[in-house]
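Here is a short report on one protein chain. Look at the sequence and the model first, then read on.

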Amino acid sequence: VQLQASGGGLVQPGESLRLSCAASGSIFSIGVMGWYRQAPGKQRELVAQISRDGTTTYADSAKGRFTISRHNAENTVTLQMNRLNPDDTAEYFCKGRISPTWGTIYNYWGQGTEVTVSS
């Protein structure tokens with residue numbers, strides 16, 4: 001099982017970015033999917049997560065600006081980030097709670113994608 005993240009980049013304050021993450025490999029089912037971020041010198045923190053039925057959870061810093069969504073049939077999760085500010089600068093990681101086979105479940109992480117917000 002692999003998670004492939006994409007969509008990071010350099011933007012100016014106030015601009016938007018869309019991060020995508022696709023799970024591939026031997027997958028029986030996928031539960032919660034989410035996005036985390038880690039800024040230099042800081043711990044990794046949850047940004048947003050979404051359950052299979054679409055229930056979402058957001059960090060306070062993301063509420064009202066970010067939107068997480070998923071496409072269950074395509075095993076993808078997307079994070080739309082609007083009104084970005086320099087505090088959003090970090091490496092962003094997607095995570096999936098994935099069952100490769102019936103009766104198993106593990107946490108899988110994608111590689112990070114860098115988001116830099118700077119004027």
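## About the model

This is a predicted model, in which local features need pLDDT of at least 70, side-chain atom pairs count only at pLDDT 80 or more, and totals for chains, interfaces and linings use all residues. Residues are numbered from 1 along each chain as its sequence is written, and side-chain values use heavy atoms, with hydrogens and water left out.

## The whole chain

What does the secondary structure of the protein chain come to? It comes to zero helices and eleven strands. Helices (H or I, at least four residues) and strands (E, at least two) are DSSP runs, numbered from the N terminus. Along the sequence the pattern reads β-β-β-β-β-β-β-β-β-β-β.

The C-alpha atoms fill a box of roughly 50 × 25 × 25 Å, taken along the principal axes. The radius of gyration is taken over C-alpha atoms, and the globule rule is 2.2 Å times the number of residues to the power 0.38. The protein chain has 14 Å, which agrees with the value near 14 Å for a compact globule of 119 residues.

## Cover, contacts and charge

Buried means under 20% relative accessible area, exposed means over 50%, and partly exposed is in between (1.4 Å probe, protein chains only). Of the 119 residues in the protein chain, 37% are buried. The chain exposes about 6,400 Å², and carbon and sulfur atoms supply 47% of it. Accessible areas come from the Shrake-Rupley method with a 1.4 Å probe; for residues, only the protein chains shown count as cover.

Contact means heavy atoms within 4.5 Å. Take the contacts between residues at least 6 apart in sequence: 54% of them join residues at least 24 apart. Now the charges. The chain has 11 positive and 9 negative side chains, and the centres of the two sets lie 6 Å apart. Lys and Arg count as positive and Asp and Glu as negative, while His and the chain ends are not counted. The place of a charge is taken as NZ of Lys, CZ of Arg, CG of Asp or CD of Glu.

Two strands pair if DSSP finds at least two bridges between them. Strand β3 covers residues 17-24. Its covered face holds Leu-17, Leu-19, Cys-21 and Ala-23. Its uncovered face holds Arg-18, Ser-20, Ala-22 and Ser-24. Strand β1 (residues 2-6) pairs with β3 in the antiparallel sense over five bridges. Here Leu-3 stands opposite Ala-23.

β3 also pairs with β8, in the antiparallel sense over six bridges. Which residue in β8 is the bridge partner of Cys-21? Val-77 is that partner. Val-77 is also the bridge partner of Arg-70. β7 (residues 66-71) and β8 (residues 76-81) pair in the antiparallel sense over six bridges. Phe-66, Ile-68 and Arg-70 form the covered face of β7, and Thr-67, Ser-69 and His-71 the uncovered one.

Strand β11 spans residues 113-117. Thr-113, Val-115 and Val-117 are on its covered face, with Glu-114 and Thr-116 on the uncovered one. In which sense does β11 pair with β2, parallel or antiparallel? β2 (residues 9-11) and β11 pair in the parallel sense over three bridges. Val-11 stands opposite Val-117. β9 (residues 90-99) and β11 pair in the antiparallel sense, over three bridges. Tyr-92 has Thr-113 as its bridge partner in β11.

## Residues to find

Most residues other than glycine have a negative phi. Asn-75 has a positive phi near 55 degrees. Asn-75 lies in the loop between β7 and β8, and that hairpin has four residues between the strands. Asn-75 counts as partly exposed because its relative accessibility is 22%. Arg-83, in the loop between β8 and β9, has a positive phi near 50 degrees.

Gly-41 sits in the loop between β4 (29-38) and β5 (45-50). Why does Gly-41 count as exposed? Gly-41 counts as exposed because its relative accessibility is 87%. Gly-41 and Val-115 are 74 residues apart in sequence and 15 Å apart in space, C-alpha to C-alpha.

Ser-29 belongs to strand β4. Ser-29 counts as partly exposed, at 27% relative accessibility. Ser-29 touches Arg-97, Ile-98 and Ser-99, not counting residues up to four places away in sequence. The C-alpha atoms of Ser-29 and Pro-100 are separated by 7.0 Å, yet these residues are 71 apart along the chain.
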